[in-house]
Amino acid sequence: MNLSGKRVFLTGGARGIGRGISEALLSKGAMVMFCDINPGTGKQTEEELQKQYSSDSVSFIKADVADSQQLKAAFEAAVTKFGAVDIHINNAGILDQRIWERMFAVNAIGTIRGCQIALEHMRRDKGGHGGVIMNVVSMGGLGSSYWFPAYTASKHAVIGFVNSWAESPYQPQHGVRWGCVCPVSVDTEMLNMEENQIYDLSENQKHTATHKVQISDVVDAFMKLVQDENSNGALMEVSRENNGVYCRRQLVYMNNVSPPCFMDNLPFPGQT
């Protein structure tokens, strides 16, 4: 996929992974509107990116993804500004077991709602132009962890939702490609946790110290996935051992005859 001129809406873009993805997309000629719950940081990021690129290519809007009206209004603002959205990125997320219901509202419900809004806008069978829906999830969504059970469950929900749409027999008519980037712990402010924010914090910190990856690792993997047009339903692992490796690729109607086919840990034809 050529990203030049692509119109992007991204959640949680004021800092960290979201900002990194925005910068990478802008450098390829895309136009980005990002939302964030933090208006101060969001506005500062907007100003800094506009100086580097242009006021027409990047803009910020405040929105809490857990609020359905705010999220929909933010997405519609991007459509109004750009004319349409080609790439929707769900990146906003929190990690705090003490407020697990809020965490589900952001990580699971907010992400799924974002997917639904983008899908309705993009579906070719409903007058849209097709597009890509990408999700920054977590390796926690592919396994289990006693450190943060509710967080893990919220990520499983997203992967289950995305895989279900990706394997739909109607996906070719929709014209929407789905994908998930699944990093281990990333060296962002999210790792600066308080006691009781997760279970057994000290043990988790010991593990994280030797396993965490950098924002640039996640951005590189994201850019690889978003540009790969043969990656519908793909789950991409980002870890020190396997950085930017497809841990599952899901083929939908591979030959337009057979039922949906799943391929794990294998490249697509012609790829390595």
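1. Terms first. A residue is buried when its relative accessible area is under 20%, exposed when it is over 50%, and partly exposed in between, using a 1.4 Å probe on protein chains only. Helices (H or I, at least four residues) and strands (E, at least two) are DSSP runs, numbered from the N terminus.

2. Basis. This is a predicted model, in which local features need pLDDT of at least 70 and side-chain atom pairs count only at pLDDT 80 or more, while totals for chains, interfaces and linings use all residues. Residues are numbered from 1 along each chain as its sequence is written, and side-chain values use heavy atoms, with hydrogens and water left out.

3. Strand β2. Most of β2 is covered, with 5 of its 6 residues buried. Two strands pair if DSSP finds at least two bridges between them. β2 pairs in the parallel sense with β1 (residues 7-11) over 5 bridges. Arg7 stands opposite Met31 of β2. β2 also pairs in the parallel sense with β3 (residues 58-62), again over 5 bridges. There, Cys35 has Ile61 in β3 as its bridge partner.

4. Crossovers around β2. A crossover is right-handed if, with the strands pointing away from the viewer, the path from the first strand over the helix to the second runs clockwise. β1, α1 and β2 form a right-handed β-α-β unit. β2, helix α2 (residues 39-52) and β3 form a right-handed unit too.

5. Phe9. This residue sits in strand β1. Phe9 has a relative accessible area of 0%, so it is buried. Contact means heavy atoms within 4.5 Å. Neighbours within four places in sequence aside, Phe9 contacts Met33, Cys35, Leu71, Ala74, Phe75, Ala78, Val85, Ile87, His88 and Ile89.

6. Strand β5. 6 of the 6 residues of β5 (residues 131-136) are buried, so the strand is largely enclosed by the rest of the structure. Both faces are covered: Gly131, Ile133 and Asn135 lie on one side, and Val132, Met134 and Val136 on the other. β4 (residues 87-90) pairs with β5 in the parallel sense over 4 bridges. His88 stands opposite Ile133 of β5. The chain passes from β4 through α4 to β5 in a right-handed β-α-β crossover. β5 also runs parallel to β6 (residues 176-183), joined by 6 bridges. Ile133 has Trp178 as its bridge partner in β6.

7. Largest pocket. On a 1 Å grid over the protein atoms alone, a cavity is a set of points where a 1.4 Å probe fits but cannot get out; a pocket is an open set with protein on both sides within 12 Å along at least five of seven lines; lining residues have an atom within 4 Å of a point. Grid points are joined across faces, edges and corners, and a volume is the space filled by probe spheres set on the points. The largest pocket holds about 1,200 Å³. Its lining has 46 residues, with Gly93, Ile94, Tyr151, Thr188 and Met190 nearest the centre. α7 gives the largest share, 4 residues. By class, the lining has 21 nonpolar, 19 polar and 6 charged residues. Here Ala, Val, Leu, Ile, Met, Phe, Trp, Tyr, Cys and Pro count as nonpolar, Asp, Glu, Lys and Arg as charged, and the others, Gly among them, as polar.

8. Cavity. The count is 1 cavity of 30 Å³ or more. The largest cavity has a volume of about 50 Å³. Its lining residues include Asn90, Asn107, Val136 and Lys155. α4 and α5 each supply at least two residues of this lining.
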